[in-house]
Amino acid sequence: MNLFTAFRKEWLESLRSYRLLIVVVVLAFFGITSPLLAKITPQIVTAIAPEGEALAQIIPTPTVQAAIQQYMKNMGQFCLILAVLLSMGAIAQEKDKGTAAMMLVKPLPRGSFLGAKFLGLAAVFAIAIVVAGIGSYYYTGLLFEFMDILDWLGMNLLLFVYALVIVAITLFCSTITKSQAAAAGISMGIIATGWIVGAIRGLGKYLPGELNTWGQRLMQGDTTISWIALGLSIGLIVISLLAAWLVFKRQEL
Amino acid sequence: MTAVRIEELCKVFGTFQALDGLSLTVEQGAVFGFLGPNGAGKTTTIRILTGLAHATSGRAWVAGKEVTANGHEIAHHIGYLPEEPAFYPWMTPREFLDYVGRVFGISTADRSARAKELLALAGLEEAAKRHIGGFSKGMRQRLGLAQALFNRPEVLFLDEPASALDPLGRKEVLDFIENLRGQCTVFMSTHILADVERVCDTVGIINRGKLITAAPREALLAQYAIPAFELEVEKQSEAALTQWSETLKRENWVTSISIEGLVVHVIVKDVEVAKKELLRSITQTGLMINRYEVVRPSVEDVFLQLVGEEAEK
């Protein structure tokens, strides 16, 4: 009951602070422009480069796969940036401003407070990815060809899980600090460590970043499933939230 | 019945001992003024009592329930107003009170009625649809009091409720607190002595994390009353003052006399005897007086005396 009450407040805040609108607009913009960019990049290069005609000969003809690749690259990057930006102050700012103390002396369990933050951010990203996904699907269909809708759904679902991993890790960082900047810094540090570990040959396919590659493979008709990456991602979400709750439960406000 | 009971509460921050074996009881229905200089441990005590901080050792009970790590057991029974209440600036006061009501699990109809009642009590009816982000400090403080009262708490904790306000804002908040008498137990921390004098019926004085004294205000004033009289004579009686004071000094009920211009300060051994004898002496001497009074100590006098004694130790 209190989880719902706290979630309701988070949802209202997402609307009133234009958080939802901003994420939807940013992701929809990059979602929709991805197929467009893939389509017109060769034309732009031909038009502006001095040896455009020669270059045009060697640039491959844009395909639907290039559009999908562009989409996943843009969405992956902006989901990461927005997830860090939106989650870094979620707990830290409420602790710093004193609103957490005001509300948590009331019968609002800290677990509900934290859970509502995660669900609120998850809802924002879910809506934004749905809007961006629909827009991009339609434009890709118009400019190239219409793709298998189930594969497209699967790819976006994997993108959503990837965004949730970043949200959960940043929420944990926001819980352990009282400063938004520190939360963002620690979170980026953890993510960068993931990239470094992923660069070690063979390890990348087990990490959350693999979800985006898996999504692109789906669209190519490759049915290879990365269960370990998916399991590790869900595990990271659960562990981050659990750790955040355990820390937050004992924290003095 | 006891509303707040604290036993040997200690709180250590690194090497700093914020609370040092604090023990205290506050009776139900009291408006308790928790007085102390800055850094005495007032806020730390309230944070522990509300479950926002953990005691290093010792125990505490609020509304008959023991305070534990995160205060779940007492959450339904208390109200809390921090020194600088913080709100969600995008909410209106009505929305904030509704949110508080939802957290307490109060039904929609009751929430709406209670919010309306509290907005009226806090004088925020006209601002009910404005965003809290644009509120003045006084308005925020009154909204803070309203939210703390939403669940009709048995014990209301107020941390320096009027310290940051201008004189008008202070008056509004103190009037508000005064009106709570009889509705709930108020545990109010402050370093402003005049606020305690005005609204509190019981006073506890804390310094360096230790309770120096706690008693009903009147009992405390009586206990620390200085047995003294002050009188002010007319200019034409000034010449007779010195001789009169010399005569008076020889009386066995007089401890000392000091004269500052036209004002005479007489410290006596027995107030009741002095009440009769002093006036008789004045009449016999023929002194013309403008003012005559038994000196009554203020909470400030008691506070300064007690905290001063502590500092000397």
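Which residue in S8(B) is the bridge partner of Gly33(B)? In this predicted model, the bridge partner of Gly33(B) in S8(B) is Met188(B).

## Strand S3 of chain B and its partners

Strand S8 covers residues 185–190 of chain B and is joined to S3(B) by five bridges, the two strands running parallel. S3(B) also pairs in the parallel sense with strand S9 (residues 202–207) of chain B, here over four bridges.

Five of the five residues of strand S3 (residues 31–35) of chain B are buried, so the strand is largely enclosed by the rest of the structure. In a regular strand, side chains alternate between the two faces of the sheet. For S3(B), both faces are covered: Val31(B), Gly33(B) and Leu35(B) are buried on one side, and Phe32(B) and Phe34(B) are buried on the other.

In soluble globular proteins, nonpolar side chains tend to be buried together. The largest nonpolar core of this model has 154 residues, and those with the most contacts inside it are Leu27(A), Phe125(A), Phe157(B) and Phe187(B). Helix H8 (residues 149–176) of chain A supplies the largest share of this core, 16 residues. A second, separate core of 16 residues includes Leu241(B), Leu248(B), Ile257(B) and Ala274(B).

Beyond residues up to four places away in sequence, Phe187(B) touches Phe32(B) and Phe34(B), and its other contacts include Val4(B), Leu24(B), Val26(B), Ile46(B), Leu49(B) and Phe157(B).

## The four-stranded sheet of chain B

An open sheet of four strands in chain B has the order S12-S13-S11-S14, with antiparallel pairing. Strand S12 (254–260) and strand S14 (289–294) of chain B stand at the edges; each has a single partner strand, so one side of each is left without a neighbour in the sheet. On average, neighbouring strands of this sheet are turned by 15° against each other, direction ignored.

S12(B) and S13(B) run antiparallel and are joined by six bridges. Ile257(B) stands opposite Val266(B) in S13(B). Helix H8 (residues 238–249) of chain B packs on the sheet, where it touches strand S11 (228–233), S12 and S13 of chain B. The direction of this helix makes about 165° with that of S12(B).

Val263(B) belongs to strand S13 (residues 263–268) of chain B. Its C-alpha atom is separated by 5.7 Å from that of Leu231(B), a residue 32 places apart along the chain. Leaving aside neighbours within four places in sequence, the contacts of Val263(B) are Glu230(B), Leu231(B), Glu232(B), Ser258(B) and Arg291(B). With a relative accessible area of 24%, Val263(B) is partly exposed, because the buried class requires under 20%.

## Helix packing in chain A

Two packed helices are described by the angle between their axes and the distance between the axes. H2(A) and helix H4 (residues 64–87) of chain A pack at an angle of about 160°, with their axes 8 Å apart. That angle makes H2(A) roughly antiparallel to H4(A), and the crossing of the two helices is right-handed. The residues of H2(A) that meet H4(A) include Val23(A), Leu27(A), Phe30(A) and Leu37(A), while those on the H4(A) side include Tyr71(A), Met75(A), Phe78(A) and Leu82(A). Leu27(A) is also one of the residues with the most contacts inside the largest nonpolar core.

## Individual residues

Accessibility values for three further residues are tabulated here.

| Residue | Relative accessibility | Class |
|---|---|---|
| Tyr18(A) | 53% | exposed |
| Glu8(B) | 51% | exposed |
| Thr44(B) | 12% | buried |

Tyr18(A) is found in the loop between helix H1 (2–16) and helix H2 (19–48) of chain A. Its phi is near 65°, a positive value in a residue other than glycine. Glu8(B), by contrast in setting, lies in strand S1 (residues 2–13) of chain B. The phi of Glu8(B) is near 50°, again positive in a residue other than glycine.

Thr44(B) is placed in helix H1 (residues 42–49) of chain B. Apart from neighbours within four places in sequence, Thr44(B) is in contact with Lys11(B), Phe13(B), Ala18(B) and Leu19(B).

Note on methods
Residues are numbered from 1 along each chain as its sequence is written. Chains are lettered from A and ligands numbered from 1 in the order in which they are written. This is a predicted model: local features need pLDDT of at least 70, side-chain atom pairs count only at pLDDT 80 or more; totals for chains, interfaces and linings use all residues. Side-chain values use heavy atoms; hydrogens and water are left out. Buried means under 20% relative accessible area, exposed over 50%, partly exposed in between (1.4 Å probe, protein chains only). Contact means heavy atoms within 4.5 Å. A nonpolar core is a set of buried Ala, Val, Leu, Ile, Met, Phe, Trp, Tyr and Cys residues joined through side-chain atoms within 4.5 Å. Two strands pair if DSSP finds at least two bridges between them. Axes are lines fitted to C-alpha atoms, for helices over the stretch in contact, and angles run from 0 to 180 degrees between N-to-C directions. Angles under 35 degrees count as roughly parallel, over 145 as roughly antiparallel, 65 to 115 as roughly perpendicular and the rest as oblique. A crossing is left-handed if the near helix is turned anticlockwise from the far one by less than a right angle, and right-handed if clockwise.
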